[in-house]
Amino acid sequence: MVTLSYDLHIHSCLSPCGDDDMTPGNIVGMAAVKGLDVIAVTDHNSCRNCPAVMKLAEQFGVLAIPGMEINTSEEVHAVCLFPTLEAALNFDGYVYERLLKFPNNEAIFGKQQLCSEEDICIGTEPYLLISSADISFDGLWELMERFGGVMFPAHIEKPANSLIANLGFIPPDSRFRTAELKDLKQLHRMQQEHPYLKQCRIISNSDAHYLEHIHEPELTIPVRERSAEAVLAYLRGE
């Protein structure tokens, strides 16, 4: 077993709410400087900055896992992670077909920038990525099996865009085995109010939209080896 420091929920400049400085190179460089072992860039409803992130992470000696933060039809945010870039991009295409095609207004929502591994903006996404996709929260189980990924509900204690805030409860037939809390001080209260969480592994990520918010290497997970597959196995409760 090895212990890895992590931050598995980071937004790049592809997310409209992400700062322009959140380029692949800056994210990976900050993770390397801070000493993080594993990161995941999880833009809203998109994996398309993951190729540059993964290429740069390999050069910096950081393990990068491709993923996205999906916004379901119920406006619930969930982080989806994948073992390979190919699987992530396949899922990206599936989600994009089901994304509400609402034009992005950069003056209101922010830029949605696609980057090369040289940190050059090579394009922008015209449709607003924080819109909902026509995919239900319940439907994510089968989709993760189909695409080989794993999901966990994001920032479940938040009063907006979280599983509990939007649905009002944790569905009793849920299958997730890991849940994300932004504030770990809320864990005891959340477990008392929602006993399902007592059987879950609990992680806390930065949900960073600015470089300075990327986590320090203080939180760790134990995995069988330093690989994306091993991290996903941990998140599945294996």
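Helix α5 gives the most to the lining of the largest pocket, with 3 residues; helices (H or I, at least four residues) and strands (E, at least two) are DSSP runs, numbered from the N terminus. This is a predicted model, in which local features need pLDDT of at least 70 and side-chain atom pairs count only at pLDDT 80 or more, while totals for chains, interfaces and linings use all residues. Residues are numbered from 1 along each chain as its sequence is written, and side-chain values use heavy atoms, with hydrogens and water left out.

**The largest pocket**

- The largest pocket holds about 210 Å³ of space, a volume being the space filled by probe spheres set on grid points that are joined across faces, edges and corners.
- A pocket is defined on a 1 Å grid over the protein atoms alone, as an open set of points where a 1.4 Å probe fits, with protein on both sides within 12 Å along at least five of seven lines, and its lining residues have an atom within 4 Å of a point.
- By class, the lining divides into 6 nonpolar, 1 polar and 4 charged residues, where Ala, Val, Leu, Ile, Met, Phe, Trp, Tyr, Cys and Pro count as nonpolar, Asp, Glu, Lys and Arg as charged, and the others, Gly among them, as polar.

**Helix α5**

- In α5 (residues 140-147), Leu140, Trp141, Leu143, Met144 and Phe147 are buried, which stands for under 20% relative accessible area, with exposed being over 50% and partly exposed in between (1.4 Å probe, protein chains only).
- Seen down the helix axis, the buried residues of α5 fall within an arc of 165°, so they line one face of the helix; the arc is that of the directions from the helix axis to the C-beta atoms.
- Glu145 and Arg146, on the other side of α5, are exposed.
- The buried residues of α5 pack against β3 (63-71), β4 (77-81), α3 (85-97) and β7 (150-153), contact meaning heavy atoms within 4.5 Å.

**Nonpolar cores**

- The largest nonpolar core has 33 residues, and those with the most contacts inside it are Ile70, Cys80, Phe91, Phe137, Leu140, Met151 and Phe176; such a core is a set of buried Ala, Val, Leu, Ile, Met, Phe, Trp, Tyr and Cys residues joined through side-chain atoms within 4.5 Å.
- At least two residues of this core come from each of β3, β4, α3, α5 and α6 (163-167).
- Apart from it lies another core, of 21 residues, including Tyr6, Ala40, Val231 and Leu235.

**Helix α1**

- In α1 (residues 24-34), Pro24, Gly25, Ile27, Val28, Gly29, Ala31 and Lys34 are buried, and the buried residues of this helix pack against β1 (2-10), β2 (38-44), α2 (50-60) and β5.
- Just after α1, Gly35 takes a positive phi of about 90°.

- Asp119, a residue other than glycine, has a positive phi near 65°; Asp119 is found in the loop between β5 (113-115) and β6 (121-124) and counts as partly exposed at 27% relative accessibility.
- His155, which is not a glycine either, has a positive phi of about 30°; His155 has its place in the loop between β7 and α6 and is buried, with a relative accessible area of 2%.
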